[in-house]
There are 2 protein chains.
Amino acid sequence: MNQDYIKPDNWSVIEEGFDAERVKSSESLFSIGNGAMGQRANFEESYSGHTFQGSYIAGIYYPDKTKVGWWKNGYPEYFAKVLNAPNWIGIDIEINGENFDLAQCTSVKNFRRELNMKQGWYNRSFEATLQNGTEVSVNVNRFLSLELDEVGVINYEITPLNKDAKIVYKPYIDAGVHNEDANWEEKFWEPLDVKHDGNEGFVTARTFKTHFTVTTFMQNTLLKNGDELALSPENVSANNEKIQFVYTVNAAQGEVASIHKIGGYTVSMNHDDTYIAAQKTIEKALEKGYEQLFDDQSNAWAKIWEMSDITIDGDTKAQQGIRFNIFQLNQTYSGKDSRLNIGPKGFTGEKYGGSTYWDTEAYCIPFYMATKDQQVARNLLTYRYNQLDKAIENAAKLGFTNGAALYPMVTMNGEECHNEWEITFEEIHRNGAIAFAIYNYYRFTGDYSYIPEKGLEVLIGIARFWHQRASYSTHKNQFMILGVTGPNEYENNVNNNWYTNYIAKWCIDYTMEQIGKIRADYPSDFSRIMSKVKLDDAEIAHWKQVADKMYFPFSEEHDVYLQQDGFLDKDLVKVSDLDKSQRPINQKWSWDRILRSPYIKQADVLQGFYFFEDHFSKEQLEKHFDFYEPFTVHESSLSPCVHSIQAAVLGKMDMAYTFYLRTSRLDLDDYNKEVEEGCHITSMAGTWMSIVEGFGGMRVKDNQLHFEPRIPEQWEGYSFKINFRNQVLKVSVSEGETKFNIEGNTPLVVFVNGRQVTVEPDSLVIV
Amino acid sequence: MNQDYIKPDNWSVIEEGFDAERVKSSESLFSIGNGAMGQRANFEESYSGHTFQGSYIAGIYYPDKTKVGWWKNGYPEYFAKVLNAPNWIGIDIEINGENFDLAQCTSVKNFRRELNMKQGWYNRSFEATLQNGTEVSVNVNRFLSLELDEVGVINYEITPLNKDAKIVYKPYIDAGVHNEDANWEEKFWEPLDVKHDGNEGFVTARTFKTHFTVTTFMQNTLLKNGDELALSPENVSANNEKIQFVYTVNAAQGEVASIHKIGGYTVSMNHDDTYIAAQKTIEKALEKGYEQLFDDQSNAWAKIWEMSDITIDGDTKAQQGIRFNIFQLNQTYSGKDSRLNIGPKGFTGEKYGGSTYWDTEAYCIPFYMATKDQQVARNLLTYRYNQLDKAIENAAKLGFTNGAALYPMVTMNGEECHNEWEITFEEIHRNGAIAFAIYNYYRFTGDYSYIPEKGLEVLIGIARFWHQRASYSTHKNQFMILGVTGPNEYENNVNNNWYTNYIAKWCIDYTMEQIGKIRADYPSDFSRIMSKVKLDDAEIAHWKQVADKMYFPFSEEHDVYLQQDGFLDKDLVKVSDLDKSQRPINQKWSWDRILRSPYIKQADVLQGFYFFEDHFSKEQLEKHFDFYEPFTVHESSLSPCVHSIQAAVLGKMDMAYTFYLRTSRLDLDDYNKEVEEGCHITSMAGTWMSIVEGFGGMRVKDNQLHFEPRIPEQWEGYSFKINFRNQVLKVSVSEGETKFNIEGNTPLVVFVNGRQVTVEPDSLVIV
């Protein structure tokens, strides 16, 4: 554990005391978001210390020109990345003539941040003494409205403590921002127009190249002791990308001078005229008023928690961890908009471009399926369906033909963004997760309609890719997949990564099965699809050959599938025998040394055992877990959750608990010393899985819910809810006892440790 | 063949006709150099068309900050690259008030370039009509003196053809130059001082970071009809990095107005005060005068050709090709200075940073050994000896200990420059070539003294590296070398590249053998070295284990060594069955597709068979040649020469001839459509080998020269000379007959097709 300053609390993330060294980390941890926009916990007032400014708008990206050392054919020219959006939070402040800046104050006392996850707001409070001797108490509240998702609200209060103060509030909005992560230090925003009207200001800017138009707006209300002051700006200064108002409030010692700033974005993805939309949005927000917006916010979060909360009794850190994870997932993606997806850092940083990875399909979908309406997961699938053409183009760039689809490793709009050959061209297993998600969606929701409507076309593109990508080895008389990088990115360009080969075969088999089913049961869909994709039985027969003769590396000696052909040739020293000074190896070792080591970054063969658990016996799982886990360094945020689930399945509860803590508090405790770059949003869904699927043992088999509840000895109890096919089941587990509770009027049959249990509405079933 | 405009000629490279599209290619092909400096064939007068400016000074480099897409631990921070040096050739010209620029002239007639390889000069002549109607005839001669290697000489003559002309010559020198190949568009030169005195001008500048100080100088003499005019500059304009003189010559129609410009560089590598050195250098040049300098040049080149010429009768293109190769090698490296080496582009371009690659040891040393004093090859070995500490540092960065040395893939000063993990960290076979060159030097020259003096330390560092780099495979009970890139860079990160494993084992065995020999025969050297490198018998025993138990991938079915473990798993479609539209694959295919294909960029297993020919039977060679050549696409300039040699050995003379033409005219015919970036200097030494070792069948075995002469049916005869242990042997081959001729007074015993022949001085031996 690398940082330990977050106070344990069941419902809030709390920091106490001001430490300039922690500012960037806290800016990540106290980020807020509402699915449509996000905001790092930057200060409103000016701050001359180290800070990482970040405001983000969902779906707004910039194709930054790629930077490489050595160009390879097939590299994409652009890396679409999340944009640091115009600043809407800024409020310069003068107190008795001095610019207010925490880095310049002579003292800062009782500094406290709270991210209240229950109600969805962020608060910062402190007492500070300026260089001119004025002592003030400051209290700032901020939230991004879930109700009006283009609106953010700030209540900034200053109380002079030791003398009267002339307080000048200078709220501004500014499109003159830049990305920290820009390859060529280009400007991403082109200013278009600056307008103001009374207390309202508007800056309209457009992204270069992608031409997203955004109006950033603000509306300011000044208050003294809570009473509105009928103030208009004394002065308005503007250039072509920034506008700033000036208001002066004279506050006697002990009086509270405050400003309500409403701000946010209206974007051309949603509006024809973003300026008019911004005016209307301000109007709507003002109609409600600050108090109502705040109440709405609490209520909206209460609704989210009602469905998605997980309680843990007797372990505050574990409780705080899981709630932080659930909170961030809900801040990042609401599921309303199938144009959006879940970036690995959500709205908390720029890294990884804010783009879509296979994380969505492999880790995030189960969370959204079980805690939201099934439309949300369907939207995530539809996102890929809508990008199928681009995936086919992408495959064509790499020499594939006939509608073969390779989904990108990293993308915003469906085009590949990444530019390391061993990843971009070779980490092709991502295609498998995208197919698996279609299967997983149907398995969980029972909604088959997605497959004939959209899913089958995706499956066919993927099956075609695998068929072409496999090559025939004459001397083994089997099909192989050469030159790949598996989920374990600590091996590159290997031959016959077991996970990749396995999911490739599965994709083909599953696609053939769906073709058969749709041919039989959905004849009109079938003919529509077949005429579109031009697939005939001869081609399917070729696929089948590949699937039937797929090669899987296997060790007779160890009785395990081998991660790749050369795995046993490695010097197999276990992680436990590796000197601690060598860890993390990704910081200590050169890349070649990592590659030829046996160390595994994240679940690889075990990822396959996770997806296809029902294809293997528990004995096989245990054998593979015991073989691979000792070589696994878990240097990916996506690793501990899968291992936690499998350790739980295997009854290794100590390991399961350790992995759980690591995944759930990865960011709060900053295990990887990098939280200042943003939080690991997608792995947070893995945390959820490690409770529900790991400890709770939830599975869906043959359209029915199964549980094998287990509880770590550190906990007194835990509970979670599952939205299973429009029935909400609450599961509460304590030592030796599991309670089930169903909402609504219909009973639900579940299986607990294989035993059938009928959960009747309005009655607690105890097992 | 992609370009075909060079006129066939036995001794010159000739271009006729002006074509702006060819300017950059010709700038490479007509480059001149003298081992200490080089100059692309840029025009002296201003030229507004496309051009690639290049003046280079041997050993002067700049550590340009690395550019990568994704940083990997162990990457070097800097890429040392050859610098475009200050311009010393520039002469702006005004004719009757109009700036003279070939791109602006209304007509250019009889444009002709000649690179006279016999005498070492470059000439350009043409008639041009300016926009103002003045018609002039221009004749420009340029050479870089071999005698005074800091001096370049230009004779620029203008004759007005249709009217009198006021000709203003404005010669300049300019340190305000930039590299085309600069990662961050930084300035590389810091101007220090500008001076002038009469007709002499001086610009002193220093490279940033490396702090090489260079004075660029010029001295100008104006002439009319060959008579010197006692002119001083009418005007001198200067800023902090450039100085320009103005001279006016009025020439009546038919009169020749010319300027002799002497220019060049004095550098802090060789002088304490570069300005004073420049003054002295001008003085020396003026003492000689233009005619004498020119005669010296012819004589110096005559001496070079006397020793290194290869004649080919009956095939002008082949003759021109080999002479161009020999000429360029001599322009690039004279062997006088052990601080210098042979960049892949010599002084003809910036690409590959002008740095040292394994090309030197694998391809260049045989040429310099056989055509120069043996000190030249020894200097090339010493270059690596002097960089041993850096090679040890480089290995330490990658986690190796105890004095293990990994020589860099690309270097100027011994530090690694390259930054692709699959090359930088994994193309480690380079270490083997460096050891092999030590063996090869001794084999050819018989000079063992280098090994106890310097070579053994290098060998020990290399043996230590291989010992540590190999890893033990429990399940095979053998040592393996995992995660490497062999000479065939179309496979990356493979396991057990046969060439690498073979040369690694050989390095250890050879080092142990030398340790034994030096222990026995050079006891004082032995104890000096051992106390320096702290090597004991226990460590040697560990090495031996690795060498004795080295694993070599082998196919029983094909009875060949496998290029790497997975080679047979590939889809083995021969190049001849590959659609021509797919070639060259490095331009048509994405990297992953190349990697999983069976296609070989350059000799790999066959490179090993070339180095260690005597370890294998001719039958084995044939089997391996027949197995691998059909998969070889020869997309490296270093590939055809080795194949030409082996095809000749195997009596496949048609193939041998085709490969020979490809290697010898690679640049003249611009096979790879890239000659505008510079010529492939290091592969030119391979061309030499393909005649001497291929057709001539020259080998050194047990301290004696062996020949197996063969002649392509396209040739009437060919001849070459060999400096074998200070005896110069001339070999002349025609169909069915080989003549030997020895200089000096001592007879020499050679073997021809296994038969012993004594070559007596002053008598022609015909076999």
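According to the unreviewed UniProt entry, residues 698-759 of chain A carry the feature "domain: Glycoside hydrolase family 65 C-terminal". In this model, which is predicted, that span is 63% strand and 0% helix, and its end C-alpha atoms lie 15 Å apart.

From this span the reader may turn to the place where the two chains meet. Chain A and chain B each bring 49 residues to the contact, and the area buried between them is about 3,900 Å², with carbon and sulfur atoms giving 52% of that area. On the side of chain A, Trp70(A), Asp569(A) and Arg596(A) together supply 18% of the area that this chain buries against chain B, which is more than any other three residues supply.

The interface also holds charged and polar pairings. Six salt bridges are counted between chain A and chain B; in one salt bridge, the side chain of Lys72(A) meets that of Glu420(B), with 2.8 Å from N to O. Across the same interface of chain A and chain B, 18 residue pairs are in polar contact. Several elements of chain A, namely helix H7 (421-424), strand S22 (471-473), helix H13 (585-588) and helix H14 (591-596), each supply at least two residues of the side that touches chain B, and the largest share, five residues, comes from H14(A). By residue class, this side of chain A divides into 16 nonpolar, 16 polar and 17 charged residues.

Within chain B, helix H17 (residues 639-649) is largely enclosed by the rest of the structure, because 11 of its 11 residues are buried, a count that rests on a cut-off of under 20% relative accessible area. Among these buried residues are Cys641(B), His643(B), Gln646(B) and Val649(B). The cover over the buried residues of H17(B) includes helices H4 (359-371), H15 (605-611), H16 (618-628), H18 (653-664) and H19 (681-695), as well as strand S26 (699-701), of chain B. Just after H17(B), Gly651(B) takes a positive phi of about 75°.

Thr445(A) is found in helix H8 (residues 430-445) of chain A, and it counts as buried because its relative accessibility is 8%. A polar atom of the Thr445(A) side chain lies 2.7 Å from the backbone oxygen of Tyr441(A), while the backbone nitrogen of Asp447(A) lies 3.0 Å from a polar atom of that side chain. Leaving aside residues up to four places away in sequence, Thr445(A) touches Met369(A), Gln374(A) and Arg725(A).

Note on methods. Residues numbered from 1 in each chain as written. Chains lettered and ligands numbered in written order. Predicted model: local features only at pLDDT ≥ 70, side-chain atom pairs only at ≥ 80, totals over all residues. Heavy atoms only, no water. UniProt positions renumbered as here; feature names shortened; annotations may be inferred. Helix = DSSP H or I, 4+ residues; strand = E, 2+ residues; numbered from the N terminus. Contact = heavy atoms within 4.5 Å. Buried area = accessible area lost by both parts, 1.4 Å probe. Salt bridge = Lys/Arg side-chain N within 4 Å of Asp/Glu carboxyl O. Polar contact = N/O pair within 3.5 Å; in protein donor to acceptor, adjacent residues only side chain to side chain. Nonpolar A, V, L, I, M, F, W, Y, C, P; charged D, E, K, R; others polar. Buried < 20%, exposed > 50% of the residue type's maximum accessible area, 1.4 Å probe, protein only.
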